[in-house]
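Subject: Structure for you to look at

Dear colleague,

Here is the structure I said I would pass on. My notes on it follow below.

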Amino acid sequence: MLYLGGIPARAEERDNAKKDFPLVIAGGPCTVNPAPMAAFIDAFLIGDGEDAIVELVDAVRQWKLSGDRKRETILKEISRLEGFFVPSIHKSESSVKRRFVSSLDNAPYPVRPVLPYASIVHDRINIEVSRGCTMGCRFCQAGMIYRPLRERSPLRVLGIAEESLKNTGYDEVSFTSLSAGDYTHLLPVVKEFNSRFGPSKIALSLPSLRVGSVNREVLKEIRSVRKTGFTMAPEAATDRLRGVINKDFGEEDYERALRALFEEGWLSLKLYFMIGLPTETDEDIEAIRAMAMKALHIAKKNTVRFVNISITVSPFVPKPHTPFQWCGQISFEEIKRKQKYLRAALSEKKFKYKGHNEEMSFLEAVFARGDENLSSLIETAWKAGCRLDGWSETFDFNKWLDAMDKTGIDGFAYARRALDKNEILPWDNIDIGIKKDFLLREYENAMSCAMTPDCRKVCTACGLKCVERKALSVKRPELSVERYASRSTLDAQPIKVRVRFSKTGRLRYLSHLELVTAVLRGLRRASVPVDFSKGFHPSPKVSFGPPLNVGIAGEKEYFDMEVFSPFDIKSYMEAINNTMPDGL
């Protein structure tokens, strides 16, 4: 992006240039080890951005008003802001503390996101119900760097849902967090959500759940509108290895969760596992097949229909600020051997097997625990043509190997190396709030298969002084959501309305499916009381006339819709036109 914008890639080149160039600022989880990218970035924001971004913008505004215009002046100002690491000023010996917001209820939340025409990944409303996790999985960086646990109140969650649905017209909402199944108010909030939005067939989904947090009551509520996909993350397949990684569930918990899922009518299940975890043996790998087979047997016993079971396997990547930061990744050959075994063992039983690309996983391990020397490898690989490497169709591992040869950097040594417990690590200058002593203690617990309890039950003295938070009382929120009141329960019979519309300007390039999606979202935003089909996957009773070719504008196209009366043509036509994008 910098190259295409005519901006020097290295921060030093931008600093020494006579021309004014933009500040290049990075955020997100990868900034907890900024070393590999420090040569290219002017400032890193470590941690939560809600408050910090406002302070950053204010600092830049004051700098511009002062008339100074010197690049070093604004970088010094940014370096004084809590949570910002400026490589040219802080150097490696300066410690920078991670920022975090104490209250999610007071933090701003986007309720009017950019709405795409094309189908995208996560094409739904995502509401973060909590941030942080108390379970302490030892491989999980997010569980460490997002501590302490903070939860949004039920009122705020439902308020965000109401506003977001009104602004977007989506028909699905996802409650997201690192451990959504452990959200304190999950069941009452899901019940309230369904009572408010269920009649309009707004579906609710959850991300992958811990095996121990699968709750039959929650499953009943989620399936009441529309069964979305379901994902569980066992991670490891034997009790011993789960003890190593601090994954607290047993075989009985796993069987109970599967029975609840299939008895409630789910026909699709994803299971996530990891390979290459510290102390892993071939028995642990073989047990993955056994766990998959158990899921299949319980599915056949509890449902008479075909069940689609997908198994996703990812190689372990050691991450900074985790108890496993001192461990190396297993060899490239070992990853390939274990992936090959699982692919063959699971494919024969008609499971859908997906293994994360071992070459990508290797590069993740190189850069996750890398130092500032890797900047030359990144730059050399980019110059060799490495682009959009997260996309398998453009990923070329040979270019990375050539870049390693040219720079003399042994990526395999970076990925595999076990670090000494007493050495200074490239990310030691980033203070995420968790003590190194705690991580070392957890590493020793892992090697002895000792479990560490959920820190909501017992404080594990990680270094963060968590404030006691009283459980928020769960009331039935009084929200102004009459627009989502049930229409299907009314005595009135639906009537059919024929709609004539035009599709002009840029929107003539929409495909027919994109046009249908745009119209349906517009109808929901306008609160049109559309009737729904019955059955497993209810959909609005809207049918379109023959589609025009892509690129052809249309002045008189048609669709029919079944709606409940009373239905005032004039007022609804005005409401629909006010919600449609320009061109429709």
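The crossing of helices α13 and α15 is left-handed. Please keep in mind that this is a predicted model. Helix α13 covers residues 358-368 and α15 covers residues 397-407; the two pack at an angle of about 35°, and their axes lie 11 Å apart. On the α13 side the contact is made by E359, F362, L363 and F367, and on the α15 side by F397, W400 and M404. Sorted by class, this contact has six nonpolar residues, one charged residue and no polar ones.

Next, the cavities. The count comes to eight of 30 Å³ or more.

Last, a single residue. G83 sits in the loop between α3 (71-79) and β3 (84-85). Is G83 buried or exposed? Its relative accessibility is 3%, so G83 counts as buried, the cut-off being under 20%. Apart from neighbours within four places in sequence, G83 is in contact with F44, L45 and I46, and also with V96, K97 and R99. S95 is twelve residues from G83 along the chain, and the C-alpha atoms of the two are separated by 9.9 Å.

Regards

Methods: Residues numbered from 1 in each chain as written. Predicted model: local features only at pLDDT ≥ 70, side-chain atom pairs only at ≥ 80, totals over all residues. Heavy atoms only, no water. 1 Å grid on protein atoms, 1.4 Å probe; cavity = no way out; pocket = protein on both sides within 12 Å on 5 of 7 lines; lining within 4 Å. Points joined across faces, edges and corners; volume = space filled by probe spheres on them. Helix = DSSP H or I, 4+ residues; strand = E, 2+ residues; numbered from the N terminus. Buried < 20%, exposed > 50% of the residue type's maximum accessible area, 1.4 Å probe, protein only. Contact = heavy atoms within 4.5 Å. Axes fitted to C-alpha atoms, helices over the stretch in contact; angles between N-to-C directions. Left-handed = near helix turned anticlockwise from the far one by under 90°. Nonpolar A, V, L, I, M, F, W, Y, C, P; charged D, E, K, R; others polar.
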